[in-house]
Each structure stands twice: as C-alpha cells, then as structure tokens.
Amino acid sequence: MTDTPRDTVSSGGETHQSAGGERPQLTTQQGVPVADDQNSLRQGSRGPTLMEDFHFREKIFHFDHERIPERVVHARGYAAHGYFETYDSLSDLTSADIFQRKGEKTPAFVRFSTVAGNKGSGDLARDVRGFAVKLYTQEGNWDIVGNNIPVFFIQDAIKFPDLIHSAKAEPDRDFPQAQTAHDNFWDFISLTPEAVNMVMWTMSDRAIPRSFRFMEGFGVHTFRLINAKGKSSFIKIHWKPKQGLQSVTWPEAVAINGADPDFHRRDLWNAINSGDFPEWEMGLQVFDEDFADSFDFDVLDPTKIIPEELVPVQIVGRLVLDRMPDNFFAETEQVAFQTGNIVPGVDFSNDPLLQGRNFSYLDTQLKRLGGPNFNHIPINAPKCPFHHFQQDGHMAMHNPKGRANYEPNSWPGAEGGPREDPETGFKSYPAEETGPKQRVRSETFADHYSQARQFFVSQTKVEQDHIVDALVFELSKVERPDIRTRMLGHLIHVHDDLANGVADGLGMDLPDAPTPAREPITDLPASDALSILKNG
Ligand code: HEM
C-alpha cells in the first residue's frame with residue numbers, strides 16, 4: 001500500500017484507492033468514511049449483491065436522479081461571473097441603488113444561450129441568442145433577461161407556446177433541431193405578419209455570431225426608471241460589446257458546427273481563463289411620454305426598435321466577465337433568471353409580451369428546479385441581506401428565525417422578525433390605467449413591415465445578399481409550396497430587391513398579390529384576418 005493519492009493498488013483480489021497527501025477521505029453523504037468504492041457488497045466473491053449495501057444504494061440512487069428537465073427554451077447555454085461598474089450617478093433618473101454611486105461595482109452572473117436547440121445542440125445554429133444578466137444589487141437581484149436581437153417575433157405572450165412549438169422539432173418526427181429550416185416554423189411565421197421584422201434580423205448575420213463575446217445584448221422591452229421624486233422615464237437597455245460586433249458566414253457556421261459544436265462555450269472558457277475578459281457597455285435610450293406619443297410606432301410593441309438616431313444611446317456603465325463558474329450544473333444550469341426580478345427605481349411597462357413573461361419564468365422554474373425554494377440555491381440567492389416569512393417546501397434552507405412567521409405580529413424585537421418600510425421599500429409606479437376588459441390588440445401595433453424595410457435598407461449590399469441567401473436556403477427546405485408563396489407575399493411588402501432575390505433563388509414567381517396582411521389585424525376579428533392570410 002502506498003501513500004501516493006493517485007495510486008490504485010490491488011491486494012488479494014481487492015482494489016483500493018487510499019486517501020492521503022492533499023486528498024481527503026471519501027465518505028458517503030452521511031459522512032461515513034468509505035473503505036472500498038470499487039466493489040459492491042456481495043455474498044462470497046461470485047454471489048448476489050446484498051441489499052444492505054447502503055453505500056452502493058446511495059451512490060446509484062443519486063446518480064439515477066442527476067438529470068433535471070432542460071429549459072423549455074434556451075436549453076443550451078454558457079455562463080460566467082463578473083461585475084457591473086457604474087460610470088456616473090444616475091440619481092436624476094432612478095433611485096435604483098446600483099446607479100447611485102460612480103465607480104460602484106456590483107457582482108453579476110451572465111448566461112448566453114441559443115433558443116430553439118436542445119441542451120446538446122450545436123453552438124453555431126442560426127438562432128437568436130439569449131443574453132441574460134443577473135445583477136446582485138444591494139437592494140435585491142435585478143435580472144435583465146434579454147437577447148442579442150432588439151426585437152421579438154410576437155407581440156403578445158399568449159402566442160409564445162405556438163411560436164416555440166413551431167420553432168422546435170416537429171412532434172411526429174422530432175427533427176429538425178434548427179429553429180428555422182422547416183415547414184412548421186415557416187408556416188407559423190407566414191401566418192404571423194408581426195414576425196416579419198424579427199425574421200429580417202434572424203436571417204441576417206446577427207443570428208450567427210462569431211462568439212458570445214462579439215454580440216450585442218438588448219432588454220427588448222420598454223422598461224421604466226423611477227427617481228426618488230417619483231418621476232418616471234421610459235428606457236430601452238443595450239449591451240454594446242467592447243470587442244466589437246462580429247459574425248461568421250453561413251458556410252463558416254456549418255463548418256464550425258461540424259468540427260466543434262462547443263465552439264462558443266470553448267471560446268468564452270478560453271478567453272476568460274487566459275485573462276482576456278470580455279466587456280460590454282450598458283447603454284440606455286431614455287425617453288418620456290411625449291416622445292412615446294409622438295413616435296410612429298408603439299413603444300410597448302416588442303417587435304419594434306426605437307432608432308438610435310431618434311433617441312441616442314447613453315453609455316452608463318460596463319459589464320466585465322472575469323471568472324468561469326466552478327461547476328456548470330450548480331451555477332449555469334441551476335441559475336433562474338426572471339423578468340419579474342426588478343429592484344426599487346425600476347419598473348415594468350405594459351408591453352404585453354413582458355407582462356406574460358413575468359408570469360412564465362417563475363412558473364417554469366418551479367418545475368425545472370424542483371419546488372419553490374430554488375432561490376435558496378447560492379447562484380440565485382441575493383447577496384444583500386434578506387428577511388421574509390416564506391417557509392418550508394422541498395429543500396428549504398432558510399426558514400425564518402424566531403417565533404413569529406406571520407405579519408402583522410406584536411412580538412417585540414428580533415422575535416417579531418422583519419417589518420415592511422413604506423419609505424424605502426419597492427413601490428410600483430402609479431400609472432393610470434383605464435379601459436374595458438377585452439381581447440384586442442391596439443391599432444398602434446399594426447405596422448409590421450416599415451421597420452423590416454428600414455432594417456433591410458440599413459444593411460450593406462453584402463449583408464443584404466446574406467439575408468437573401470439565408471431566406472433562399474431556409475425556404476428551399478420547406479416542402480409545401482403554398483408556405484413559400486405566402487412568405488414571398490410578405491417579402492413583397494418589405495423590399496422589391498429582397499422579394500425578387502428570394503423568388504429567383506427559389507426558382508419561383510412572385511405571387512400576383514402580396515400576402516394580404518397589410519390590413520391591421522386589429523381592424524378585423526382575428527379569425528377573419530387569419531382566414532384571409534390562409535386562403536388569400
Ligand atoms: C428563458 C429571453 C420571451 C418564457 C429565456 C432566457 C432568455 C430569454 C435569455 C434564458 C435564461 C437563462 O439563461 O436561463 C427572452 C426574451 C424574450 C422572451 C428576450 C422576448 C423579448 C419569452 C416569452 C415567454 C418566455 C414571451 C413566455 C411567455 C421563457 C421560459 C424560459 C425562458 C419559460 C426558460 C426559463 C428557465 O427554465 O429558467 N428567455 N424570452 N420567454 N423564457 Fe424567454
């Protein structure tokens with residue numbers, strides 16, 4: 001027997017690895033020292049395994065339960081730790097603690113992801129990338145759960161399950177993994193004119209980034225900042241990569257995915273571990289109700305941007321990623337971002353996609369992370385003091401201390417537990433809301449093509465060609481000609497060069513009439529509008 005920890009020795013037919021040197025002794029979960037981790041307990045040397053082998057049973061039991069459900073979207077992701085540094089006080093705009101002091105550093109955890117592929121899918125898919133930031137501020141966790149594209153496919157969260165069903169593998173055959181390149185996805189998109197602007201972005205080079213380090217990030221929705229006097233300003237949030245914005249071409253993406261499907265995670269791992277820390281600057285577009293009222297589009301419509309020429313982006317701080325997680329599962333897999341995690345000085349807008357998201361994340365995480373106590377997992381717990389009366393449930397780690405676990409209570413001092421504070425606590429912005437309860441979409445959400453056209457026109461010729469090529473490639477995989485025709489009908493509304501280029505590439509004629517989606521869907525009962533789209 002030797003002391004050298006790595007040595008495995010055999011004596012008398014038994015195999016052992018001995019503790020020693022730097023290495024601690026192996027124990028069970030109960031702390032019982034283990035003598036033999038190579039052989040289960042059996043009767044004689046060739047007899048049956050014995051049920052009383054508690055070490056074997058504990059080890060296999062735990063292994064059998066190692067997998068948790070992958071995220072229903074954004075299943076494949078990679079994350080890093082870092083910090084956010086505030087450049088200057090923004091106290092005129094917001095009372096959010098994170099923005100009060102110049103130079104303040106706030107710990108951050110950021111997870112990048114693809115959307116449609118499953119956990120084992122390739123990094124270079126043509127897809128939107130998630131850009132989720134958890135800021136552990138001194139007044140609670142603020143999660144900015146964004147993407148690398150500033151707009152989204154749909155205007156109302158009630159369409160999210162349909163969008164994602166259409167984008168993920170088709171249910172009878174369970175392929176393809178790719179978001180695009182299949183009939184279901186393009187069928188849904190061709191019946192959803194509000195998606196056309198986002199489709200321009202996802203068919204552009206933005207959807208095949210060189211690596212996570214070379215992507216922009218966007219909060220997408222309009223949010224509010226509220227200052228200490230209660231004044232509200234609207235904002236859009238941007239993350240601008242100091243590394244620059246870079247993409248690969250489609251042939252490069254295909255080659256990289258084949259050769260190294262972990263290319264994006266390897267890139268982040270290598271960069272951070274070699275001290276080349278990626279940085280993004282946080283930018284805010286700040287505007288008020290007057291601008292919102294005068295803007296051609298609705299600031300609550302998540303399929304639209306606010307052009308930077310109209311409202312310039314003010315740089316307010318920087319995000320630096322400087323440390324990889326110690327353990328992928330514990331941190332990257334178990335992190336729970338949630339749009340509802342906001343802090344005093346920040347508030348939601350009425351964007352109907354955001355309002356729906358605020359419900360969805362908690363709900364899905366309850367299942368994915370096995371119960372209501374996933375905020376007790378260190379990666380999700382705030383780093384500021386927190387006290388509340390929520391208790392029990394599976395895996396409870398932080399039950400309230402003291403006698404009282406209810407409020408109001410009249411127990412004095414520490415026994416009484418925490419108290420609310422109307423001065424410093426979170427207050428929702430008292431926006432005035434009126435109107436009948438109804439299922440409608442505002443007229444102001446109805447122009448689906450102008451910004452798609454602006455995006456196409458803003459691209460260089462090479463970039464425009466890439467969009468045309470991407471659409472030709474994707475639509476050529478669509479088996480049903482009527483779906484392709486309906487998509488061409490939308491492209492006519494966007495730009496002639498685009499529509500003609502795609503029709504040529506597909507060897508098809510443009511339809512005589514554009515897809516009749518110009519009528520605002522709001523002017524028609526939704527069922528009529530859909531039937532026009534389906535039947536022409
Ligand atoms: C996950 C962004 C719309 C439901 C995510 C993640 C990101 C993200 C970045 C990954 C979080 C992580 O890294 O763990 C967005 C953006 C949206 C959007 C930018 C639109 C602007 C929606 C909508 C819904 C939704 C409308 C539902 C109504 C979900 C769910 C997850 C998720 C269920 C999985 C969360 C988990 O299991 O932890 N989203 N999303 N998302 N999103 Fe969204």
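How close do the axes of helix H13 and helix H14 come, and at what angle do they cross? In this predicted model, whose local features need pLDDT of at least 70, side-chain atom pairs count only at pLDDT 80 or more, while totals for chains, interfaces and linings use all residues. Residues are numbered from 1 along each chain as its sequence is written.

**Two helix pairs**

The axes of H13 (residues 481-494) and H14 (residues 496-506) come within 7 Å and cross at roughly 155°, where axes are lines fitted to C-alpha atoms, for helices over the stretch in contact, and angles run from 0 to 180 degrees between N-to-C directions. H13 and H14 are therefore roughly antiparallel to each other, a term for angles over 145 degrees, as against roughly parallel under 35, roughly perpendicular from 65 to 115 and oblique for the rest. On the H13 side, Arg 484, Leu 488, Leu 491, Ile 492 and Val 494 meet Leu 498, Ala 499, Val 502, Ala 503 and Leu 506 of H14. The residues of this contact divide into nine nonpolar, no polar and one charged, with Ala, Val, Leu, Ile, Met, Phe, Trp, Tyr, Cys and Pro counted as nonpolar, Asp, Glu, Lys and Arg as charged, and the others, Gly among them, as polar.

Helix H2 packs with helix H3 at an angle of about 145°, their axes lying 7 Å apart. Here Asp 162, Leu 163, Ser 166 and Ala 167 of H2 meet Asn 184, Phe 185, Asp 187 and Phe 188 of H3, and by class the contact has four nonpolar, two polar and two charged residues.

| Pair | Axis distance | Angle |
|---|---|---|
| H2 (residues 160-167) and H3 (residues 183-190) | 7 Å | about 145° |
| H13 (residues 481-494) and H14 (residues 496-506) | within 7 Å | roughly 155° |

**The whole protein and its confidence**

The protein has 15 helices and twelve strands, taken as DSSP runs (helices H or I of at least four residues, strands E of at least two) and numbered from the N terminus. Its C-alpha atoms fill a box of roughly 85 × 65 × 45 Å along the principal axes. Of contacts between residues at least 6 apart in sequence, 69% join residues at least 24 apart, a contact being two C-beta atoms, placed from the backbone, within 7 Å.

The mean pLDDT, which is the predictor's confidence in each residue from 0 to 100, is 93, and 92% of the residues reach 70 or more. For the complex the predictor gives an ipTM of 0.94 and a pTM of 0.93.

**The ligand shell**

Around the ligand are 28 residues, of which Arg 71, His 74, Arg 111, Gly 130 and Ser 360 come nearest; a residue is near if its C-beta atom, placed from the backbone, lies within 6 Å. Strands E4 (105-114), E5 (129-137) and E6 (140-147) and helix H9 (352-368) each supply at least two residues of this shell, and H9 gives the most, with eight. By class the shell holds 14 nonpolar, ten polar and four charged residues.

**Arg 403**

Arg 403 is placed in the loop between H9 and helix H10 (413-416). Leaving aside neighbours within four places in sequence, Arg 403 is in contact with Trp 411 and Glu 415.
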